[in-house]
Amino acid sequence: MIVASQTRTQIIHASKVDRHALCPSRYKAELSAGRGATCGQQLEDGLFLHQMLRDFCSTMKGGGLGSDIDELIESRSRRFHSFGERAADVRAQATAALWSARAVMDRLGATVLDVERELCSSRMPVAILPDAVVAGLHLMLKGRLDVIALVDETLLLIDWKTGHFLPTDDSLAALPSSLVYEFLARHAFLKEHTSLPVETIEIAQAQVPTGETVSAVLGDEQREASKVFIREMAINLDARTFPARRNARCDWCPINGECELYQGDVGEAF
Ligand code: SF4
């Protein structure tokens, strides 16, 4: 039960808000099961590739070309051995990812400003998410940006994707996480860098090793739609209720066998 007179804080993390928006019930189930339980090897490989990309892009800060890729790979030889019989595969993946990242950055003509940056909003109710959402409820937005770069007067927020899925430009703009990243860049990062000549903030996802990139500049309509999902997540976290929401991925949901909403629809279809 929500007690209106108390002041409570809920943290909305960019890495979680999209999964909650898809279906709060599935989000809760996955959280309870733990990320590691669902995709151990994939998660380990993804984390390692992100570390390699971070180290590589760190040397690009201020517009540098980045370290020598072969040297960087060689310097991680012992780490590759820790993957046992998969060492050669992981090494090949990492090499391809770094060459791909270099090609992406060259193509974008971006100057790297920061790498793997954790950003956090003030604990105070923030402009886009007034505390009137739930009386006494304060929100804190958090997120980690893989690369923050500058292209002319555009601040580019790049998220490396090591998996197979990449959204379209439109669906990237519609993700609530895109609004969280935009907000954090504007109200946390740019507050520390007031001299940067930024006119526009652009959200981008770059897949490695394909080098495919999608990007979006948010409009008011997309912002308003994402605010609804962010508010909903804050309220659900606060009330500890996570209702099911039908979506295009229900057929692949690991808990659809026990989901009343899904089972009801499946029953009606026959
Ligand atoms: S089957 Fe669909 S509605 Fe049910 S929990 Fe899974 S994702 Fe949510």
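Biologist: Which residues have the most contacts inside the largest nonpolar core, and how many residues does that core have?
Modeller: The largest nonpolar core has 36 residues, and those with the most contacts inside it are Ile12, Leu155 and Leu157; a nonpolar core here is a set of buried Ala, Val, Leu, Ile, Met, Phe, Trp, Tyr and Cys residues joined through side-chain atoms within 4.5 Å, where buried means under 20% relative accessible area, exposed over 50% and partly exposed in between, with a 1.4 Å probe and protein chains only. This is a predicted model, in which local features need pLDDT of at least 70 and side-chain atom pairs count only at pLDDT 80 or more, while totals for chains, interfaces and linings use all residues. Residues are numbered from 1 along each chain as its sequence is written, and side-chain values use heavy atoms, with hydrogens and water left out.

Biologist: Switching to helices, how do α1 and α8 cross?
Modeller: The axes of α1 (residues 14-22) and α8 (residues 176-192) come within 7 Å and cross at roughly 155°, with axes fitted to C-alpha atoms, for helices over the stretch in contact, and angles running from 0 to 180 degrees between N-to-C directions. The two helices are therefore roughly antiparallel to each other, given that angles under 35 degrees count as roughly parallel, over 145 as roughly antiparallel, 65 to 115 as roughly perpendicular and the rest as oblique.

Biologist: Which residues make that contact?
Modeller: Ala14, Val17, Asp18 and Ala21 of α1 meet Pro176, Ser177, Val180 and Tyr181 of α8.

Biologist: What about α1 and α2?
Modeller: α1 and α2 (residues 24-33) pack at an angle of about 130°, with their axes 5 Å apart, and that makes α1 oblique to α2. The contact is made by Lys16, Arg19, His20 and Leu22 of α1 together with Pro24, Tyr27, Glu30 and Leu31 of α2.

Biologist: Back to α8: is Phe183 buried or exposed?
Modeller: Phe183, which lies in helix α8, counts as buried because its relative accessibility is 6%. Phe183 and Leu119 are 64 residues apart in sequence and 10.0 Å apart in space, C-alpha to C-alpha.

Terms used. Helices (H or I, at least four residues) and strands (E, at least two) are DSSP runs, numbered from the N terminus. Contact means heavy atoms within 4.5 Å.
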